[in-house]
Amino acid sequence: MGIETSVAKRKGKEFGEVEKEKNPILNNTNTRGGKKAARGRHIKKTAVVSPVQKLYDTCKDVFSIGGPGVVPAPDKIEKLRAVLDVITPEDVGLHPEMPYFRLPVAGRAPPIRYLHIHECNKFSIGIFCFPPSGVIPLHNHPGMTVFSKLLFGKMHIKSYDWVDEDSVNGSAVVNPSEVAFVNAVKQPNVQQPEVNQPEVQQPEEKQPEITQLEEKQPEVPQLEEKQPEIQSPEEKQLEIQQSEEKQPEVKQTEFQPLQGKQHDVQRPSVRLAKVKIDSDFTAPCNPCILYPVDGGNMHCFTAATACAVLDVLGPPYSDPEGRHCTYYNDFPFANFSVDGVSLPEEEREGYAWLQERTKQPDDFKMVGELYRGPKIVKK
């Protein structure tokens, strides 16, 4: 039995050595440690980067070099476009059933909600939330490169670029005296007061009362005829001096400056612009990109349905640095005739006159809301 036992042990040993050659893991004297080492080599955890974080990191790279009026390099533009192109509403925590996209009480203009994600002196990231029929009026982006991604919904976009004076026959800027003609054409309601003018002329029927006073006025001329006998030359000079002293108080210090201010406010100049985009967009669609002097730097958004627009501005608006948001009225080219400015008949619909508004439109309201989507880690 002892021999059989030793032979069995020897065969078992030989069999074990053959199995180790076939399986390298078994060839390790410390089998448990070998398995741990194998797991450590082959299993590696990778950090998951959210789409919003990737957008922030890309913007930081794209706008790292530049400033107002500086457009990023073409490869940088395409890099940011590609990141925006794949972002979905779920990536930023939005869906059309949220309260942001509900219609308000009837009779009120629907407010636009803005979700602030990030802003620095180089760029800003945010989301505009439109209820149906919500409008952001025509406005500009001075010195900016802007990316707009429609996340969901249907929207109409109309945009313009300024016309270079060399591209048209005549001046692309019209002086204030000619703007009044534009307003008269676009706003025929201004002429309505002429219908009510008979009411103003009614006091003429009461003029007999005034004429009665004029019949009594001969008593005053009689005094004027006697004045030369009473007044001396010194008294005449005194009256002249007194009248001259009184005139500046009314005419020069009060009336004339006020009249000048009214002229500046009521008659701003207009400038010729060319239509860049005038189309409906339905998500999913490619991002829109505009540049400081091209691509439709002045645009207007009108929501046909509930919409969300992811916006990237580089650099953002800044009042201290002179990058103000200016709003405009637009007038069809055919409604305004200017000497020296001519365009072929078939091209006129592609142009318009833009008039700067002195303030934000009264019917436009924007409300800031807290962004509740995935957070970004600022590096």
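How many helices and strands does the secondary structure of the protein chain come to? The answer is nine helices and 13 strands, taken as DSSP runs (helices H or I, at least four residues; strands E, at least two) numbered from the N terminus. This is a predicted model: local features need pLDDT of at least 70, side-chain atom pairs count only at pLDDT 80 or more, and totals for chains, interfaces and linings use all residues. Residues are numbered from 1 along each chain as its sequence is written, and side-chain values use heavy atoms, leaving out hydrogens and water.

**View 1. Helix α3 packs against helix α4.** Residues 51-62 form α3 and residues 74-85 form α4. Their axes, lines fitted to C-alpha atoms over the stretch in contact, lie 10 Å apart at about 170°. That makes the two helices roughly antiparallel (over 145 degrees between N-to-C directions, on a scale from 0 to 180). K54, L55, T58, C59, D61 and V62 of α3 meet K76, K79, L80, V83 and L84 of α4 (contact: heavy atoms within 4.5 Å).

**View 2. A salt bridge joins D61 to K76.** The closest N and O atoms are 3.1 Å apart (salt bridge: a side-chain nitrogen of Lys or Arg within 4 Å of a carboxyl oxygen of Asp or Glu). D61 sits in α3 and K76 in α4, 15 residues apart. D61, K76 and K79 are linked in a salt-bridge network.

**View 3. E78 pairs with R81 in a salt bridge.** Both lie in α4, three residues apart, about one turn of the helix.

Conventions: Angles under 35 degrees count as roughly parallel, over 145 as roughly antiparallel, 65 to 115 as roughly perpendicular and the rest as oblique.
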